[in-house]
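Me: I've got a structure open and a few quick questions. Can we go through it piece by piece?

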Amino acid sequence: MSVAAERRLGMIADLVIEHATLVTVAGGTGPLRGARQADLGVVPDGAVAVADGRIAAVGPRAAVLRALSGVPAAVFDAGGRVVLPGFVDAHTHPVWAGSRAEELEQRIAGATYVEIMAGGGGIGSTVRATRAASETRLLADLLGRLDRLLAFGVTTVEAKTGYGLSTEEELRHLALLAEADRRHPVRIVPTFLGAHAVPDGFRGRPDAYVDLVVDEMLPAVATAWPGVFCDVFCDDGAFTLAQAERILRRAAALGLGLKAHADEFANLGCTALAAGLGATSVDHLVATTAEDVAVLAARGSVAVLLPGTTFGLGSTRFAPARAMVASGVPVALGTDLNPGTCPSESMPLMLALATRYLRLSTAEAIVAATRNAAYASGRGEMAGRLEPGFAADVIVIDGDDYRDLAYRFGGNPVVRVMVGGRWVAGDGVPNAERRAS
Ligand code: NIG
Ligand code: FE
């Protein structure tokens, strides 16, 4: 082939990452389930070419370099380190003010989460602190949390409201998430969680609050933020199955995507309800039965497991993840970042917990934290894998063995983070790219 023809056919890359131990999580369609939940698609001595913020080519280094036309503007030598898609955190509650450190002390002394909530603490106390906080304070706290998520390798985050619990406050929190999305490199997938708790003013009248959610909040949310997800906390002390059904059905009728907090403490039947209504994900899934697992498998909802919450509560009752994988339920992971049960921004810590307590292999946990979490967040066709056409959201790990992501814990193994083809966090960013010589 002539040089001219090669140039016409070849691609022009903005940046190439080379000499990487690639974990691509690529190939096929949909979330990975069953035996494929462990399908990492490792490429030794691989390369990734990036153009216009997307992945242009990925594979063995020699093949990627051959496909290039000319010298890329920048080359990053990964030096054999592991390079993988940025983590997708499939479940967070990052819009809040204040601290609930005292509740940890109360739980140590024997109180349960549901007791603390019933006594006016819990979500209710964060709602009061959040409503009292200024816009500036809330945005600054939210951006700080996004900074920490990014430093731990999260490039896409599902982010819920749920500490406003009035139409005005909930809309304000959705607007804050949109503002943070504009200002911060982490990609935000917003979720309306107006049914997080029954707020002060509706105590003893939960159905009146559900009326407000269904008749006023959901239509207002669907008008202002069409297509966002709607979530509901269905549990003891939160919303009943019948209330959750009213909310999810109305959300679906308004064109919103569905999610649910199901079986975190008690099994009220919400897993079958949400999966039956076509929920994109069903989350927590601790008090979940074998029958529920079968429904999830049949309906195809992604199971978002949150081992940091179980740990944060000091509980030993973890979700039945092995049964889910065995039944072909696609399993995803999230931090559940929130002030009550899991004040942590660390997906690497979630991998460490998921291996020990959910008994996922490290490979299964990585798929859960990337590709499957992207599907759980409605972004499965653009994030969560290293594949041509997908967003160039990439992280570099300190080490050449992907198992280090779960084997080591308590620190941060992520040394560099790229979003949309730009290095945005980690060692030496933004000026450390090695120029092509
Ligand atoms: O996912 N379960 C409901 N929401 C959070 C806790 C929120 C809070 O306690 O503030 C959770 O665990
Ligand atoms: Fe949650």
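This is a predicted model: local features need pLDDT of at least 70, side-chain atom pairs count only at pLDDT 80 or more; totals for chains, interfaces and linings use all residues.

Me: At roughly what angle do the axes of H6 and H7 cross?

Reply: Roughly 50°. The axes of H6 (residues 135-151) and H7 (residues 167-183) come within 10 Å. That angle makes H6 oblique to H7.

Me: Which residues in H6 and H7 meet?

Reply: From H6, Glu135, Leu138, Leu139, Leu142, Leu143 and Leu146. They meet Arg172, His173, Leu176, Leu177, Glu179, Ala180 and Arg183 in H7. By class, this contact of H6 with H7 has 8 nonpolar, 1 polar and 4 charged residues.

Me: Switching topic. Where does Thr21 lie?

Reply: In strand S1, residues 15-23. Thr21 has 18% relative accessibility, so it counts as buried, the cut-off being under 20%.

Me: And what lies 2.7 Å from a polar atom of the Thr21 side chain?

Reply: The backbone oxygen of Gly80. Leaving aside neighbours within four places in sequence, Thr21 is also in contact with Val42, Val43, Arg81, Val82, Val83 and Asp400, among others.

Me: What is the phi of Val25?

Reply: Positive, about 50°, although Val25 is not a glycine. Val25 is found in the loop between S1 and S2 (42-51).

Me: Is Val25 buried or exposed?

Reply: Buried, because its relative accessibility is 0%.

Me: What about the phi of His284?

Reply: His284 has a positive phi of about 85°, and it is not a glycine. His284 sits in strand S11, residues 281-284. With a relative accessible area of 3%, His284 is buried.

Conventions
Residues are numbered from 1 along each chain as its sequence is written. Chains are lettered from A and ligands numbered from 1 in the order in which they are written. Side-chain values use heavy atoms; hydrogens and water are left out. Axes are lines fitted to C-alpha atoms, for helices over the stretch in contact, and angles run from 0 to 180 degrees between N-to-C directions. Helices (H or I, at least four residues) and strands (E, at least two) are DSSP runs, numbered from the N terminus. Angles under 35 degrees count as roughly parallel, over 145 as roughly antiparallel, 65 to 115 as roughly perpendicular and the rest as oblique. Contact means heavy atoms within 4.5 Å. Ala, Val, Leu, Ile, Met, Phe, Trp, Tyr, Cys and Pro count as nonpolar, Asp, Glu, Lys and Arg as charged, and the others, Gly among them, as polar. Buried means under 20% relative accessible area, exposed over 50%, partly exposed in between (1.4 Å probe, protein chains only). A polar contact is a pair of N or O atoms within 3.5 Å; within protein, one must be able to donate a hydrogen and the other to accept it, and residues adjacent in sequence count only if both atoms are side-chain atoms.
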